[in-house]
Amino acid sequence: MGLLIKGQWQDRWYDTDKSGGEFEREGAQLRNWITADGAAGPSGEGGFPAEKGRYHLFVSLACPWAQRTLIFRKLKKLEDVIGVSVVSPYMLEHGWTFNKDEGSSGDDLYGSEFLHQIYTRHRADYSGRVTVPVLWDRERECIVNNESAEIIRMFNSAFDDLTGDGQDFYPQELRGDIDATNELVYQNVNNGVYRAGFATSREAYEAAYHRLFETLEKLEQRLGNNRYLTGARITEADWRLFTTLIRFDAVYHGHFKCNKQRLADYPNLWGYVRELYQWPGVAETVDFHHIKTHYYASHKHINPTGIVPLGPELDYAAPHGRG
Ligand SMILES: N[C@@H](CCC(=O)N[C@@H](CS)C(=O)NCC(=O)O)C(=O)O
């Protein structure tokens, strides 16, 4: 695990000394947008029109942020439009790799060994963390965007004329609610589990733990009144929460010490996660082998033996009762 400094790979873990033991996630740097006509989006530059076969995703099946993009690729019928390469679940001294023996699909475009080579192909002197997901433009040979929250917004609407799919997971009338929910869920749940798991001081861990479970309790209540987070209609807020919830009992409960309760102990959240898992196409984006192997075998400072636990045995395909 490491980062690029002026195009050179450095094997280095997150520095939590400067923040009193708190894990602070770096913001994504590459923020251009694909739009229907290639006009500039909310950030970055234009010149990335929606086209079939032009864009490619580099993802990890272990990563909750990357899984968001795979879910939107499925839901928005983009499988024939946008290609995908999957990295190996192990993220060790070279960061994400394309080692096929370890479960990577390989880099179908350039045959790279490591994901950091995609970042330096984008810019030879790139500095920063080498994260998934990456949305790549084959024509201009550059990264369009490496922020999942923005990639799913592009997938939600930019390709609609090509695919004929008009489903909208960010409808105008719910945007205020969706944005507020996303903020709460990002801070305390999506990133909250990492803040608990990567904390290197007791104070930082405990603060993250309490915020996480207070928020899960609020969401549990909300899902007692509403089928989905912002009402009767499923939106991007639900898909953003889902990718953390589906990992909760398998990884975050044990490995990240988020163990006040299992997700399976919250009746509404537990039914809700199963409903979303059973949504057509979504289970195909969930790979528990990659998920468990990545976390337990890559974070050697948390789990030095690298042993991947066998359990838990949970049935996400059981009837969800949310009708
Ligand atoms: N803001 C990014 C975060 C992506 C992210 O942190 N991905 C993790 C995998 S779960 C990663 O690649 N980490 C490598 C690193 O931090 O060096 C997004 O949502 O797209």
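Me: Where is the place of leucine 3?
Reply: Leucine 3 sits in strand β1. The model is predicted.

Me: What makes leucine 3 count as buried?
Reply: Set the count against the cut-off. A residue is buried if 20 or more other C-beta atoms lie within 10 Å of its own. Leucine 3 has 21 C-beta neighbours inside 10 Å, so it counts as buried.

Me: Which residues is leucine 3 in contact with, leaving aside its neighbours within four places in sequence?
Reply: Contact needs C-beta atoms within 7 Å. With those neighbours set aside, leucine 3 is in contact with Gln10, Arg12, Gly128, Arg129 and Val130. Tyrosine 14 is 11 residues away from leucine 3 in sequence. Their C-alpha atoms are 9.5 Å apart in space.

Me: How do you know that β1 pairs with β2 and with β7?
Reply: Count the bridges. Two strands pair if there are at least two bridges between them. β1 and β2 have 4 bridges, in the antiparallel sense. Strand β1, residues 2-5, is joined to β7 by 2 bridges, and these strands also run antiparallel. Therefore both pairs meet the cut-off of at least two.

Me: What lies between β1 and β2 in their hairpin?
Reply: 2 residues separate the strands. Lysine 6, in the turn, has a positive phi of about 50°.

Me: Why do β2 and β7 stand at the edges of the sheet?
Reply: The sheet is open, with 3 strands in the order β2-β1-β7 and antiparallel pairing. β2 (8-11) and β7 (128-129) each have a single partner strand, so one side of each lacks a neighbour in the sheet.

Me: Why does the radius of gyration agree with a compact globule?
Reply: Compare the two values. For 323 residues, a compact globule would have a radius near 20 Å. The protein has 19 Å, which agrees. Its C-alpha atoms fill a box of roughly 50 × 45 × 35 Å along the principal axes. Buried residues make up 42% of the 323 residues.

Me: What percentage of contacts between residues at least 6 apart in sequence join residues at least 24 apart?
Reply: In the protein, 64% of those contacts do.

Me: How many helices and strands does the protein have?
Reply: There are 10 helices and 9 strands. One of the helices is α9, residues 267-277. Its buried residues are Leu269, Trp270, Tyr272, Val273, Arg274, Glu275 and Leu276. The elements that cover them include α7 (202-225) and α8 (236-252).

Me: What surrounds the ligand?
Reply: 14 residues do. The closest are Cys63, Trp65, Arg129, Thr131 and Ser148. The shell divides into 8 nonpolar, 4 polar and 2 charged residues.

How values were computed: Residues numbered from 1 in each chain as written. Predicted model: local features only at pLDDT ≥ 70, side-chain atom pairs only at ≥ 80, totals over all residues. Near = placed C-beta within 6 Å. Nonpolar A, V, L, I, M, F, W, Y, C, P; charged D, E, K, R; others polar. Rg over C-alpha atoms; globule rule 2.2 N^0.38 Å. Buried ≥ 20, exposed ≤ 12 C-beta atoms within 10 Å, placed from the backbone. Contact = placed C-beta atoms within 7 Å.
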